[in-house]
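Biologist: I have not looked at this one before. Could you put it up and take me through some of it?

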Amino acid sequence: MGREINNMQELIKIEVSENQEPIVNGRELHDVLGVETPYRIWFPRMCEYGFVENVDFISLEQNCTKPQGGRPETNHAIKLDMAKEIAMIQRNEQGKKVRQYFIQVEKDFNSPEKIMARALKIAEGKLNILQLENSQQKQIIGELKPKADYLDTILQNKGLVTITAIAKDYGMSGEKLNEKLHELGVQYNQSKQWFLYSKYHNQGYTHSETIDLTHKDGTKFVKMNTKWTQKGRLFLYELLKKNGIVPTIEREVI
């Protein structure tokens, strides 16, 4: 549902939606209020007070919590204003207590300090994305600096290989070889992606492209897909051999 707010003694967990709004888990609210009517009956009754789906709340599906299993259960992410009204509708001491708690949460959430903290966090996230995109662009631009006719050769070259394939020649994993190349000053890691240092950008060692992907939660992100050219493979061979690392086949011959 989002990120949790940790601001006071917690009566019910408050999270933050993608739109930076505080939200409440419908079933948790139902439990905290001590409602005896089953949730599947109770929540539609609450909606009769004029609450609108995708405005005041969002419907969710979750795995059945019963020991014997069953169909997915319907749940709801409820905005704080709706949660306050629902608490008031109960007309009992627990409802009053929950409503007062929500009012305090809202005051805390809208305090200048918390607003500034959220703004800084959003800005930091955008800066990280920009830095990652900048690194991706630098590598691609550096790789495209050689002659245009050589670029065409690279794009159509069937000999491009992944780091995992090269690593197999040395009897190691792609992850281990990436770490070794980092130790040798060839590349660095940023946001779980490997980038060549600038002095290797325009050597024709790699060919990279960015691909658009989607997380399970629907958010978009960009990933760098990098492969090594035959020239790059030869460079790695000479570099690794200089540092006492030779392909498995050469060790067998020795």
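Biologist: Let's start with Lys84: buried or exposed?

Modeller: Lys84 is buried, because its relative accessible area is 15% and the cut-off for buried is under 20%. Keep in mind that this is a predicted model.

Biologist: Which residue forms a salt bridge with Lys84?

Modeller: Asp81 does, with the closest N and O atoms 3.5 Å apart. Both Asp81 and Lys84 sit in helix α3, residues 80–89. They are three residues apart there, about one turn of the helix.

Biologist: And Asp81, what is its relative accessible area?

Modeller: It is 48%, so Asp81 counts as partly exposed.

Biologist: How many salt bridges does a search of the whole structure find?

Modeller: Six. One of them is between the side chains of Lys180 and Glu183, at 3.1 Å from N to O.

Biologist: Where do Lys180 and Glu183 lie?

Modeller: In helix α8, residues 174–183. Lys180 and Glu183 are three residues apart, about one turn of that helix. Lys180 is partly exposed because its relative accessible area is 25%. Glu183 has 57% relative accessibility, so Glu183 counts as exposed.

Biologist: What about Asp169, which side chain does it meet in a salt bridge?

Modeller: That of Arg233, at 2.6 Å from N to O. This pair links distant parts of the chain, 64 residues apart. Asp169 belongs to helix α7 (residues 163–169), and Arg233 to helix α9 (residues 230–242).

Biologist: Is Asp169 buried or exposed, or in between?

Modeller: In between: Asp169 counts as partly exposed because its relative accessibility is 33%. Arg233 is partly exposed too, with a relative accessible area of 28%.

Biologist: Staying with α9, how many residues does it have?

Modeller: It has 13 residues. From the first C-alpha to the last, α9 reaches 18 Å, close to the 18 Å expected at 1.5 Å a residue.

Biologist: Which residues of α9 are buried?

Modeller: Gly232, Phe235, Leu236, Leu239 and Leu240. Looking down the axis of α9, these buried residues fall within an arc of 120°, so they line one face of the helix.

Biologist: What covers them?

Modeller: The cover over the buried residues of α9 includes α7, α8 and β9 (220–228).

Biologist: How many bridges join β2 to β3?

Modeller: Three, and the two strands run antiparallel, with β2 covering residues 14–16. Val16 stands opposite Pro22 in β3. The strands β2 and β3 form a hairpin with five residues between them. Gln20, in the turn, has a positive phi of about 65°.

Biologist: And how many join β3 to β5?

Modeller: Three bridges, again in an antiparallel arrangement, with β5 spanning residues 73–79. In this pairing Val24 stands opposite Ile78 in β5.

Biologist: Which residues is Phe43 in contact with, leaving aside neighbours within four places in sequence?

Modeller: Phe57, His76, Ile78 and Met82. Phe43 itself is found in helix α2, residues 39–47. Its relative accessible area is 3%, so Phe43 is buried. The C-alpha atoms of Phe43 and Ile86 are separated by 9.6 Å, although these residues are 43 apart along the chain.

Biologist: One more, then. Where is His201?

Modeller: His201 is in the loop between β7 (193–196) and β8 (206–214).

Technical notes
Residues are numbered from 1 along each chain as its sequence is written. This is a predicted model: local features need pLDDT of at least 70, side-chain atom pairs count only at pLDDT 80 or more; totals for chains, interfaces and linings use all residues. Side-chain values use heavy atoms; hydrogens and water are left out. Helices (H or I, at least four residues) and strands (E, at least two) are DSSP runs, numbered from the N terminus. Buried means under 20% relative accessible area, exposed over 50%, partly exposed in between (1.4 Å probe, protein chains only). Contact means heavy atoms within 4.5 Å. A salt bridge is a side-chain nitrogen of Lys or Arg within 4 Å of a carboxyl oxygen of Asp or Glu. The expected span of a helix is 1.5 Å times one less than its number of residues. The arc is that of the directions from the helix axis to the C-beta atoms. Two strands pair if DSSP finds at least two bridges between them.
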